[in-house]
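Q: I am new to this structure. Please show me how to read its features, one at a time.

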Amino acid sequence: GNINVNSDKYVGGIVGYINIYSMKTLQIDRCYNIGSLNGGYAGGIVGYIYSNGIISNCYNKGNIYGNYAGGGIVGQCSEIPNIKNCYTSGNIKVTTDNDYWSVGAILGKIGASEYSTSNIENTYYLESIEIQGPQILELGNSVSDQYMKTREFYNKLNVDNAWIYRENLYPRLHTGPTAKIQSVQELIVENRLKKFKITTEI
């Protein structure tokens with residue numbers, strides 16, 4: 001379903017806000033969002049992430065509306081996480097005209113003043129989506145609707161054998177019991193796709 005929150009809050013298709021800076025590893029794997037998201041800082045998978053974890057094998061098809069920051073996979077981060085083997089196909093719009101804030105097909109806003117984008121790898125967005133905001137953060141690879149339905153595109157994404165090829169359709173994730181977020185405590189979360197375990201390591 002669609003998610004709407006107060007204008008100054010974080011919203012994500014899977015997780016709204018992650019602020020655990022002491023984590024050694026954080027991984028969100030094999031998750032997806034198809035609903036529209038509307039909030040202060042909005043991301044198709046994660047609204048805000050502090051740590052430099054891993055977001056892999058995820059996709060977003062929902063439209064993203066942020067008042068300050070918005071991204072197809074992550075709305076805002078302090079340190080750039082490793083985002084890999086992901087795609088997004090929803091529109092992304094940020095309403096503020098303050099050019100401190102930004103919007104992006106993959107990642108909306110980076111808090112750090114110095115950063116490397118080498119952590120963003122094998123990520124894609126639909127070339128026809130609307131991306132609107134005071135500044136646009138250009139990360140990821142722009143591809144056509146037709147290309148996203150090809151076996152070649154599926155093969156590029158399917159590095160971890162997480163994806164299923166569907167003729168004339170976008171790739172989707174396997175529905176086995178492998179989706180996960182890794183951290184220290186253990187927690188069972190259920191989403192549309194499947195149950196997945198949260199285990200963290202400090």
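Predicted model: local features only at pLDDT ≥ 70, side-chain atom pairs only at ≥ 80, totals over all residues.

A: Start with aromatic rings. Rings of Phe, Tyr and Trp (its six-membered ring) pair if their centres lie within 6.5 Å; planes under 30 degrees apart count as stacked, over 60 as edge-to-face and the rest as tilted. By this rule the count here comes to 17 aromatic pairs.

Q: What kind of aromatic pair do Tyr124 and Phe153 form?
A: A pair of aromatic rings is described by the distance of the centres and the angle of the planes. Tyr124 and Phe153 are edge-to-face, with 5.1 Å centre to centre and 85 degrees between the planes. Tyr124 sits in strand 16 and Phe153 in helix 2, so their pair ties together parts 29 residues apart in sequence. Helices (H or I, at least four residues) and strands (E, at least two) are DSSP runs, numbered from the N terminus.

Q: Which residues do ring pairs link into a cluster?
A: The cluster holds Tyr32, Tyr59, Tyr87, Tyr124, Tyr147, Phe153, Trp163 and Tyr170.

Q: How many helices and strands does the protein chain have?
A: There are 2 helices and 24 strands.

Q: Are Tyr124 and Phe153 buried or exposed?
A: Buried means under 20% relative accessible area, exposed over 50%, partly exposed in between (1.4 Å probe, protein chains only). Both Tyr124 and Phe153 are buried. Buried residues make up 50% of the 202 residues in the protein chain.

Q: Which residues touch the most other members of the largest nonpolar core?
A: A nonpolar core is a set of buried Ala, Val, Leu, Ile, Met, Phe, Trp, Tyr and Cys residues joined through side-chain atoms within 4.5 Å. The largest has 25 residues, and Tyr87, Met148, Phe153 and Trp163 touch the most other members. Elements giving two or more residues to this core include strand 6 (37-43), strand 16 (120-126) and helix 1 (145-148). Apart from this core lies another, of 22 residues, among them Cys86, Ile110, Ile120 and Leu139.

Q: What is Met148 in contact with, beyond four places in sequence?
A: Contact means heavy atoms within 4.5 Å. Met148 contacts Tyr87, Thr88, Leu126, Val143, Phe153, Leu169, Tyr170 and Pro171, leaving aside neighbours within four places in sequence.

Q: Why does Thr123 count as buried?
A: Its relative accessibility is 1%, so Thr123 counts as buried. Thr123 lies in strand 16. Among the residues Thr123 touches, not counting those up to four places away, are Ile83, Cys86, Ile106 and Asn141.

Q: Where is Thr96 found?
A: Thr96 is in the loop between strand 13 and strand 14 (103-104). Its C-alpha atom is separated by 5.7 Å from that of Asn67, 29 residues apart along the chain. Thr96 is also in contact with Tyr68, Trp101 and Pro134.

Q: Which residue lies over the face of Tyr100?
A: A charge sits over a ring if NZ of Lys or CZ of Arg is within 6 Å of the ring centre and within 35 degrees of the ring normal. Lys109 lies over the face of Tyr100, at 3.8 Å from the ring centre. Arg151 lies over the face of Tyr165, at 4.0 Å.

Key
Residues numbered from 1 in each chain as written. Heavy atoms only, no water.
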